[in-house]
Amino acid sequence: MPENDRDLTRRPDPDALLALAEKGSRGKLTVFLGAAPGVGKTYAMLTRARRLKEEGVDIVIGLVETHGRSETAALLEGLEVLPPREVSHGGRTLTEFDLDAALARRPRVIVVDELAHTNIGESRHPKRYQDVEELVDAGIDVLTAVNIQHLESLSDVVAQIAGVPVRERIPDTVLSRADDVLLVDLPPTELIERLKEGKVYLPENARRAVDRFFRLGNLTALRELALRRTADRVDDQMVDYLKQNAIEGPWAAGERLLVCVGPDRLSEKVVRTASRLASGLNADWIVVSIERADRDSADSQAVRQLDETFRLAEQLGAETRRVVGSDFVEEILKLARREHATQIVIGTRRQRFPLRLLRRSLPDALAERASGVGVHLVTDSGETPAALKPVRKRAWPKGFGRALAIAAGTVISATVLGVLIESFIILQNISLLYLLAVLASATLAGYVAAIAAALFSVLAYNFFFIEPVGTFTVAEPHEVFALFVFLAAAFLAGGLASRIREQAKAARRRATATQALYDFSRKLSGTADVDDVLWATVTQIQATLRRNAVLLLPEGEDLVLKAAWPPDTELGVSDMTAARWSLEKKEPAGSDTDTLPTSPFQFRPLTSPHGVVGVCGFVQNAKPLEINEERALAAILDQTAIAVDRARLSRESLEQAAQLEGDKFRAALLSSLSHDLRTPLATITGAVTSLRELGARMTAESRDDLLKSIEEESDRLMRFVANLLDMTRIEAGAINAKRDWVDVADVIRSALERARKYFPDREFETSIAADLPLMRGDSVLLGQVLFNLLDNANRFGGEEPVSIYARKEGDEVVLSVTDLGRGIAPADLEHVFEKFFRKGKPDGRSLGTGLGLSIAKAFVEAMGGQIKAESPAVKRRGTRISMRFPAAEADLSEKERG
Amino acid sequence: MTVERILVVDDEPQIQRFLRPALGAAGYEVVEAATGQEALKTAATAAPDVIILDLGLPDMDGKDVLANIRAWSQVPIIILSARDRESEKIAALDLGADDYIEKPFGIGELTARIRAALRHRIQMEGAEAQLSAEGLSIDLVRRVVTRDGETLRLTPKEYDLLAMLARHAGRVVTHKTLLTSVWGAAHGEDLHYLRVFIGQLRGKIERDPGDPKIIRTEPGVGYRFIGDED
């Protein structure tokens, strides 16, 4: 067994290897760490940059503050410097690091100074370290510099040492994830020397703090912090190396801290302390909060405080958990066992005297029940938990007047009733009336009203009913006792009643929310159209959260605004950038987030099982979402994502069906074309072979009929081929309509002659106006058009004659061919001029090629005319195809004059 | 000898127009039907000896007409079809059609098919025991195959294949029919068996296996045995 154990521990830790692999595709981050301004970080960084440049590395200066120092500026000589971005802020034009330009330039290595800098105005990220992270993520190596005082976990220590608050902070994870940290060290005495010589640049507002800050004691302390932090890192790296290479370790045996936090200020301090402890112990640490299962955490201020604490913990590199339970101690210990925590860190506050007697504090209880786990207590520094005060204050006045009024009202009613029935019942029973009043107040207006009603009742009962009546004095001692019992009963009853009322209210609220969500999901399930889904969503967000919302879906490369409330909402450039960010990184962006917080919208990705389908943005009004609103929003977005996904799938399946339909249509078309070509060919081949092989045995009439059929089928084939060729010419754009003078009547006559030859059984009627003007056009094309129309009319025209009209209307020549067949269905009417459109069976047998009308249309349009179909034409029957061409009368008269 | 009656089912008047005089001149009596319903009625009343059936009919699917007739009659049926309707042809043959001919066709081709079909009907009544083709002779009773008097050594499967084709001399036999009758119902789709065995068989019986005259390939459909009488 020991053999096996060692083998197991010897195997490289998969997590360590994974972290190493992830680093592979990322750029390398090198941080130059200093103890204080002026130690020469920028100088060291630029020296390194020059050396890389000399080695031929593609290196660019993204941003360096030389502060007008010539030594530093000289180092920039010969290095490519990225032009900064100009930002107007408060009327002034300032310069800022240009992240997009850097990403577009894509050097191997980039130098970005001042890691802790806070970006001004409309930047993608509020902090420069986030810019740097994006560069590293994009695979660019970054050289950067920062002072130890800016580290989040040390900020309170530094503030204590130096006596100045640190405003610009960076999460410790930035430093711990850096591939290299170089300590730029300068002994404090030398630094002070340099400062006195004016070699250290300090911002305007820091000048005043100089004397306080640059004291030997301070600088020594900061230097120690920087040295220690760098040494810790070296230790970490060694441990990582040992783990990756499966070297049996002297490293600390997996210390794990469980850090308990709650919705109070102290928790932030607990987190910072735990962070330092964890890095000192090389331990993983988990931050956990426990929420009461039976309490609706509607107190948004507390929730926000807790969120803040969690954000801090994540920045400092902790894992975070939120647990729901009622027995805090039990839950914490359970989690500690599950996570193999070795130490529990918890904050404790000195409790006021009576409370301390009444119940044991959580840390005490933990310490008592925890076994094998260390408990660290972080004490309050004495400051009042400021965050808690306003919460109470805010909750108090809300409905306070109303509660008092209700309490007074019920007590007065009870008193009046008491006075009325006093003579009928005994005194003690009147007190029951007041109990009723207290219960009523509790039910109607909650706990405050219940207490007020209890107090009012005691006073009223005393004043009106207890001897001596009309005073607040009590004559009998047992009456005093009765009063106290009554008061206690009222408190208890009122508390219970108000609690029930609160629960009922919460249940009702939840029921309403559930109902709304249910309605919404039902609405969504009924719609297959994406636009309807999106519209339902923005209106739902408006109705539930009373916030304006927008929805964007990706279309190809772009992200497109698809629905908005109000509908005329427009998005600015930075809004769109935030939305795109949210889509790409699958995380919230915009207002109240770390990315582009200047946008008025907060964008959330719509995530379905198939990935991110779009982005929803909503306006962050002054106050952020409360926890139940947050839940409602998450549910709405989930539903929407699924509905959009489903709508997209159903659209895709529709498209597939359409494609299938198209394939079927093409197959039918091909088979009908082949039928049209093959039938005349089969007839000709059959007739010819019959004549050759069996002709001798046939009668003369049979032979003659076979020859005639050969002739007719050849004609048919020829017309068909001619149509196909015409169509090919049209498709190839090769029709050249002549602009000759055309006598329309003449063209009609010759087309009719041809039609009579081909369709001898068909009757044709003509009506040509006597004053028919000439028109400009191509008589051959027009003749072909007319013949095609007559052919068509013959095919579909039933038994009745086909008529041809030609007349002048205004300055147009109008020609029409009308048949009295069954006509064309209105739905088909718009398609008759489409290529290969044909009525009837899908295989289109004996209904023509579907080319005639589309050729007619192309020819008519080539001659500058228009063509249209009407059905029914006459008396609910038939089809009329009419054409209009401009008349050429004016031109003609000119010609005559000339 | 009575004149054989042929029912021509086709809705194209032009086709009927040349088939009527041509088949008449070839010595057959022609009855016509332009629709499926008409075809079913005429097949029952006119007792044709052969039916020529176009699969594309205006009122019903030609295959339904075929299946309907096959339900009560073994009259030879020749399908008229287009070259691009391969699956339709195979389906019709599997439904019991005896042969097919592609449009456009020469009249000689059609009359040859009609003769083969009529001959088969006679064979059904008293089976022929001897067949010959290109110097090859097959004795279906003694299971002996000779070429120019010399006995050929065929494997049992090769013999079964050849006998199956020979029994349907002049007519197409589909891949599926060959496979299921020689190898069994489970091998109906194993086309590669056929390719291999037909190749071997041709190597043994054809004078020039590169230009087979006895077993002709009907692309995509099956094989056809061409005897001396065809």
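Predicted model: local features only at pLDDT ≥ 70, side-chain atom pairs only at ≥ 80, totals over all residues.
Local features need pLDDT of at least 70 and side-chain atom pairs count only at pLDDT 80 or more, while totals for chains, interfaces and linings use all residues. Residues are numbered from 1 along each chain as its sequence is written, chains are lettered from A in the order in which they are written, and side-chain values use heavy atoms, with hydrogens and water left out.

**View 1. Where chain B meets chain A.** The contact (heavy atoms within 4.5 Å) draws on 27 residues of chain A and 23 residues of chain B. Together the chains bury about 2,000 Å², 55% of it on carbon and sulfur atoms; this is the accessible area (1.4 Å probe) lost by two parts on being put together, summed over both. Look in chain B for Gln14(B), Arg17(B) and Phe18(B), which lose the most area to chain A, together 30% of what that side buries.

**View 2. A salt bridge at Arg17(B).** Here Arg17(B) pairs with Glu712(A), their closest N and O atoms 3.0 Å apart.

**View 3. Chain A on its own.** Chain A has 898 residues, of which 44% are buried (under 20% relative accessible area, 1.4 Å probe, protein chains only). Among its contacts between residues at least 6 apart in sequence, 69% join residues at least 24 apart.

Notes: Salt bridge = Lys/Arg side-chain N within 4 Å of Asp/Glu carboxyl O. Buried < 20%, exposed > 50% of the residue type's maximum accessible area, 1.4 Å probe, protein only.
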